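Okay, thanks for coming, everyone. Let me put the structure up, and then I'll walk you through a few spots.

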Amino acid sequence: MDFITLKGAKVPVLGLGTWQADGGECYRAVLQGLALGYRHIDTAQIYGNEAEVGEGIKDSGVKRADIWLTTKVWTDSFTKDLLAPSVEKSLQKLGTDHVDLLLLHWPQPAVPLEESIQALLAVQQAGKAKHIGVSNFNTAQMEQAQKLAGGKLITNQVEYHPFLNQNKVLAAAHEQGMFVTAYSPLARGLVVENAVIHKIAAEREKTPAQITLRWAIQSGGQQGVVAIPKTVTPERLAENLDIFSFKLSDTEMADINLLRGNKRLVLPRLEHWDSILEA
Ligand code: NAP
């Protein structure tokens, strides 16, 4: 496993995503993932599976201190009165007294950003979240949030895969002293059908998912990118983790970089996204 170290955080660059992993399926994926060597789990209040994530962690026997655990506050709890209590509920479900990373899940125009950031900082100061960040923020929102947080945000979690050009967000995150966390890094499974990725996979005797995840973590350059692929399939859990014994060449990276376009899979028509033409 490789790590990104930033502002006192040591983040495993590959984590296990859990969106749409429900109930027993989620519990088993977390349990099996931890047994295989995953040490980073990504969940959210809105996924409805924090309790199963917590059970999986508890039953795994892996020390809590050895796991990087992220959850995200849903947009209905962004006010100063609601944010901290919502985190308490999350912690109870997760069976822990802190998360390693707490994110604002989406921008919420109905609540002043300053209020949400202050509430996030208060939770951090109380020791309930070791680190804080945002998700789905465009570059302007990210810069504003980082300013309000006095530089304490460590990441912006955004859609990031070979078919979406996120150069602008990546560069802005680095400028703001943040790393990018890549969600939907397998383009929700679409990468397995791509000819360029297939060719590199065949030459390397790897799978398309492994080539894609390797591309993602290498694509951040020195500062890196964290990727959080989701799977509830035992063989894929092992497959997705097995990306640390090889590196892609500059040519292979460039070939995959050429695929980057405008294929946004999560809320593509939302108006606030950065234009990829400026990327
Ligand atoms: P993803 O990880 O790109 O893709 C998941 C899909 O790919 C699932 O259908 C999975 O199927 C399949 N898959 C996994 N490994 C595979 C492999 N080796 N070969 C072929 N198919 C494979 O998409 P995602 O779930 O959207 O994103 C990952 C995580 O990012 C989420 O789970 C969540 O934690 C986070 N996320 C955050 C946000 C946000 O707003 N912050 C939004 C979206 C996602 P099986 O599970 O059936 O194996």
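Predicted model: local features only at pLDDT ≥ 70, side-chain atom pairs only at ≥ 80, totals over all residues.

Numbering runs from 1 along each chain as its sequence is written, and side-chain values use heavy atoms, with hydrogens and water left out.

A pocket here is an open set of points on a 1 Å grid over the protein atoms alone, where a 1.4 Å probe fits, with protein on both sides within 12 Å along at least five of seven lines; lining residues have an atom within 4 Å of a point. Volume is the space filled by probe spheres set on the points, which are joined across faces, edges and corners. Helices (H or I, at least four residues) and strands (E, at least two) are DSSP runs, numbered from the N terminus.

Back to that second largest pocket: its volume is about 230 Å³. It has 16 lining residues, and I4, G221, Q222, Q223 and G224 lie nearest its centre. Two elements give two or more residues to this lining, β1 (3-6) and α8 (208-218).

And the largest pocket? That one comes to about 700 Å³. Of its 30 lining residues, W19, S184, R188, P229 and K230 lie nearest the centre. Helix α9 (residues 234-241) gives the most to this lining, with 3 residues.

Keep S184 in mind. It sits in the loop between β9 (179-183) and α7 (195-204), and its phi is near 50°, positive in a residue other than glycine. Is S184 buried or exposed? Buried, at 13% relative accessibility, where buried means under 20% relative accessible area, exposed over 50% and partly exposed in between (1.4 Å probe, protein chains only).

N136 also has a positive phi, about 65°, although it is not a glycine. You'll find N136 in the loop between β7 (129-135) and α5 (139-148), and it is buried, at 1% relative accessible area.

Last stop, a helix pair. The axes of α1 (residues 23-36) and α2 (residues 50-60) come within 8 Å and cross at roughly 35°; axes are lines fitted to C-alpha atoms, for helices over the stretch in contact, and angles run from 0 to 180 degrees between N-to-C directions. Contact means heavy atoms within 4.5 Å, and among the residues that meet are Y27 and L31 in α1 and V53 and I57 in α2.
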